[in-house]
Amino acid sequence: MGQLGMDLNRFILEEERRYSYATGSLSLALTAIESATKIIASHVRMAGLANILGKAGKVNVQGEEVQKLDEMSNNMMIRHLADSGQFYALASEELDDAIFPEKGRDGKYIIAFDPLDGSSNIDVNVNIGTIFSIHKKVSGTVEDFFQEGYKQVAAGYIVYGSSTMMVYSTGNGVNGFTLDPAVGLFLLSHPNMRLPERGKTYSINESNYPGWEDGLRRYIDSLKQKGYTARYIGSMVADVHRTLIKGGVFAYPADSKNKSGKLRLLYEASPMAFLIEHAGGKATTGKEDILKVKPESLHQRVPLFLGSSADIEDLMGCL
Ligand code: AHG
Ligand code: MN
Ligand code: MN
């Protein structure tokens, strides 16, 4: 669809125009995410300076109190999403319970998000991100967050890397936009993203190898024999972003200590699975498609394997 270089806002509106019944609500919802994450991106750029600029009374140049970056990101997401009036309910990694914003009483959507993913990488200037997952409001209770991933109406992430990118899908292809910092616009740079059928890399925290089940150990051993290379950043957004572009496998499996792995279903595994599957890849718990898992709680964890379809099929053959 979109022309290279097209501004994200125009892209969102043109996508909406294809549906005669669209009310513009999803467009406004996506725009709220865009605004919040542009501000987060600008704070991320100054992360190393936050303490220096904020030293005098802990107030920065904008006159705001200096906060830890994940706290700031969480507040920024909540403020913009709640203020948009499009969201009936919000769930965040950083909040124990869902919140139901006053202005969202007529909102048609609910959103789960990880405001800052990969926070252990902040201090070392390595890529971090934001992840979001949008479903329709159905009952108007917290139960609405327990809808399967295949029912997502939109999912995406923003990666704060050497450039800032937003990648999202409304179920109609996956598109990537790069922030042009000079003009403050996300411009279409990666239209219709598709994973290669097979990749050459595997991405997993191999220090957990002793606790993995035998089948997984055999699979990873076999990749080494086949000449695959290892790449692990330790920020899911960045590791999945590479996998989306170059293919291969990204995994955070269960191990003997963590029976459900580490990653959270609602705002990590499910939105990433939605993107990967809409880009031609596969995402599984090892037993079932991630998008078919029925959530039972806001912060539940799930084992995750995602990537190129041929690679995930090989893996499934070993488990
Ligand atoms: P978060 O920073 O939102 O808590 O998420 C961290 C996650 C994810 O980004 C990454 O894939 C994983 O933690 C890395 O875990 P290990 O350090 O155990 O490899
Ligand atoms: Mn995370
Ligand atoms: Mn996080």
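Okay, let's start at Asp 70, which sits in helix α4, residues 69-84. When I say helix or strand, I mean DSSP runs numbered from the N terminus: H or I with at least four residues for helices, E with at least two for strands. Before I go on, this is a predicted model, where local features need pLDDT of at least 70, side-chain atom pairs count only at pLDDT 80 or more, and totals for chains, interfaces and linings use all residues. Residues are numbered from 1 along each chain as its sequence is written, chains are lettered from A and ligands numbered from 1 in the order in which they are written, and side-chain values use heavy atoms, with hydrogens and water left out.

So, what about the charge on Asp 70? Asp 70 is buried yet has no salt bridge. Buried here is under 20% relative accessible area, exposed is over 50%, and partly exposed is in between, using a 1.4 Å probe and protein chains only. A salt bridge needs a side-chain nitrogen of Lys or Arg within 4 Å of a carboxyl oxygen of Asp or Glu. The nearest side chain of opposite charge is Lys 68, at 4.4 Å; for charges, Lys and Arg count as positive, Asp and Glu as negative, and His and the chain ends are not counted. Leaving aside residues up to four places away in sequence, Asp 70 touches Glu 94, Pro 115, Leu 116 and Ser 119, where contact means heavy atoms within 4.5 Å.

Leu 116 brings us to the metals. Which residues coordinate the manganese ion we call ligand 3? They are Glu 93 (OE), Asp 114 (OD) and Leu 116 (O), at 2.0 to 2.3 Å. Donors are N, O and S atoms within 2.8 Å of the metal (3.2 Å for Na, K and Ca), and water is not among the atoms, so sites may look incomplete. Glu 93 lies in the loop between β1 (87-92) and β2 (109-117) and Asp 114 in strand β2, so the pair ties together parts 21 residues apart in sequence. Glu 93 is partly exposed, at 23% relative accessibility, while Asp 114 is buried at 0%.

Ligand 2 is held by Asp 114 (OD), Asp 117 (OD) and Glu 268 (OE), at 1.9 to 2.2 Å. Asp 114 in strand β2 and Glu 268 in helix α7 link parts of the chain 154 residues apart, and both are buried.

Now, helix α7, residues 265-278. Of its 14 residues, 12 are buried, so the helix is largely enclosed by the rest of the structure. Among the buried ones are Tyr 267, Glu 268 and Phe 274. Just after α7, Gly 280 takes a positive phi of about 90 degrees.

Last, the domains. The chain divides into domain 1 (8-190) and domain 2 (201-318), with bounds from an automatic or database domain assignment. How much area is buried between domain 1 and domain 2? About 2700 Å², with carbon and sulfur atoms giving 67%; that is the accessible area (1.4 Å probe) that two parts lose on being put together, summed over both. In domain 1, Ile 131, Phe 146 and Tyr 157 lose the most area to domain 2. The count of salt bridges between the domains is 1.
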